[in-house]
Amino acid sequence: MKANALSISKGTCKPTRHSSPARIRHLPRFAITQPYCFFAHVAFAFDRRSHAAPQATANLLIEVENKIVRAHDRQKYRKVSEPDDAHAADVAGEIAMAAALNYLEAESEFRRFPAQRFVEFDRIRPTHISIRPPPTKILPDGSKIWRLGESEADKLRGEPHSIRYPDIEQRLAGHPFLKGMSPHHLELLALCAMPTEFDAGQMVLREGEPASGFYLIETGTVALEGKAEDGSTVVIDTVSGGEPLGWSWLFPPYLWSFDARATKPCTAICLSGLLLRQHRDDDLTLSHELHKRVSEVMVRRLQAARNRLVAYR
């Protein structure tokens, strides 16, 4: 069984293999003791294009307790007593990202920099520090943040995406959805991207779960499925190689509005919604390019659905 979503785990530096439906990059099915732990490397600069050579950086370790995840999940998504591992990890990632931003906004040393980017945001195993010092900050919801020095961060930091996936920018540039994207925008997207694969019959998205990112399908096909009034499954559209899958990551409440299932073996690039929204909000030109492309796809698919409905009648 091949990976079917974006994981933000340090254990997923290459396409992972697991069996269910975010790295933001869904998490593999190895057992990770609570709490959920994330490492964030944030770059600050005077110019949005200077993230590769920033004027300042911050390395953070964020812990999110399972009880915080459950409370947030019940409030924002759905009323369940115990969410599954992949869903809970997505929710924990959202909480950790918000906690990191909350902490950084309160730090005066970073206020003079207009540009801010999460260069890395990875889930890690909670064996990060042999002897833990007191947290740098505990947020009102109970999330804990440690500010790390470079030596501590080096122990947690993984290889850059250019090392983990040396051809990822080339694959992004070759995808029809991103045709005409500038090298700068492709570089930003590469920070959010990882390759993945799906087996035929494998679920890619599930209705009502967090839209943790989106996919650029390279080969294969994926069927979008809905429920008829009698409860039967109906194929409402098909996404083929060269097309994007999923735009719910763009719009609150960031939940999938349909199921998606691979009908043939697929290769794809998965992009983290958490990181994409960060880069989109920091770079209006990237936001424009993404919204323009997504809008064109939405119009084409709505027109195709209309034509099918007319033909059916």
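Colleague: Which strands form the open sheet, and in what order?

Modeller: Let me begin with the ground rules. This is a predicted model, in which local features need pLDDT of at least 70 and side-chain atom pairs count only at pLDDT 80 or more, while totals for chains, interfaces and linings use all residues. Residues are numbered from 1 along each chain as its sequence is written, and side-chain values use heavy atoms, with hydrogens and water left out. Helices (H or I, at least four residues) and strands (E, at least two) are DSSP runs numbered from the N terminus, and two strands pair if DSSP finds at least two bridges between them. Here, 4 strands make an open sheet in the order β6-β13-β8-β11, with antiparallel pairing.

Colleague: Which strands stand at the edges?

Modeller: Those are β6 (193–198) and β11 (244–245); each has a single partner strand, so one side of each lacks a neighbour in the sheet. The partner of β6 is β13 (residues 266–272), joined in the antiparallel sense over 6 bridges.

Colleague: Which helix lies across β8 and β13?

Modeller: To read such packing, look for contact (heavy atoms within 4.5 Å). Angles run from 0 to 180 degrees between N-to-C directions, using axes fitted to C-alpha atoms, for helices over the stretch in contact. In this model, helix α7 (residues 273–282) lies across β8 (213–219) and β13, at about 55° to β13.

Colleague: How many residues of α7 are buried?

Modeller: Buried means under 20% relative accessible area, exposed means over 50%, and partly exposed lies in between (1.4 Å probe, protein chains only). In α7, 9 of the 10 residues are buried, so the helix is largely enclosed by the rest of the structure. Among them are Leu-274, Leu-275 and Leu-276. For the whole protein of 313 residues, 53% count as buried.

Colleague: What caps the N-terminal end of α7?

Modeller: Here you need the polar contact: a pair of N or O atoms within 3.5 Å; within protein, one must be able to donate a hydrogen and the other to accept it, and residues adjacent in sequence count only if both atoms are side-chain atoms. The cap is Ser-272, with a side-chain oxygen 3.3 Å from the backbone nitrogen of Leu-275. For another case, take Gln-202, in the loop between β6 and β7 (203–205). A polar atom of the Gln-202 side chain lies 2.8 Å from the backbone nitrogen of Asp-199. Gln-202 is buried, at 4% relative accessibility.

Colleague: How many salt bridges does the structure hold?

Modeller: Side chains of opposite charge can pair when their charged atoms come close. A salt bridge is a side-chain nitrogen of Lys or Arg within 4 Å of a carboxyl oxygen of Asp or Glu. The structure holds 6 of them. In one, Arg-171 meets Glu-218, with the closest N and O atoms 2.4 Å apart. This pair links distant parts of the chain, 47 residues apart: Arg-171 is in helix α5 (residues 168–174) and Glu-218 in strand β8.

Colleague: Where do Glu-289 and Lys-292 lie?

Modeller: Both are in helix α8 (residues 284–312), 3 residues apart, about one turn of the helix. Glu-289 is buried at 18% relative accessible area, whereas Lys-292 is partly exposed at 36%. Salt bridges that share partners join Glu-289, Lys-292 and Arg-293 into one network.
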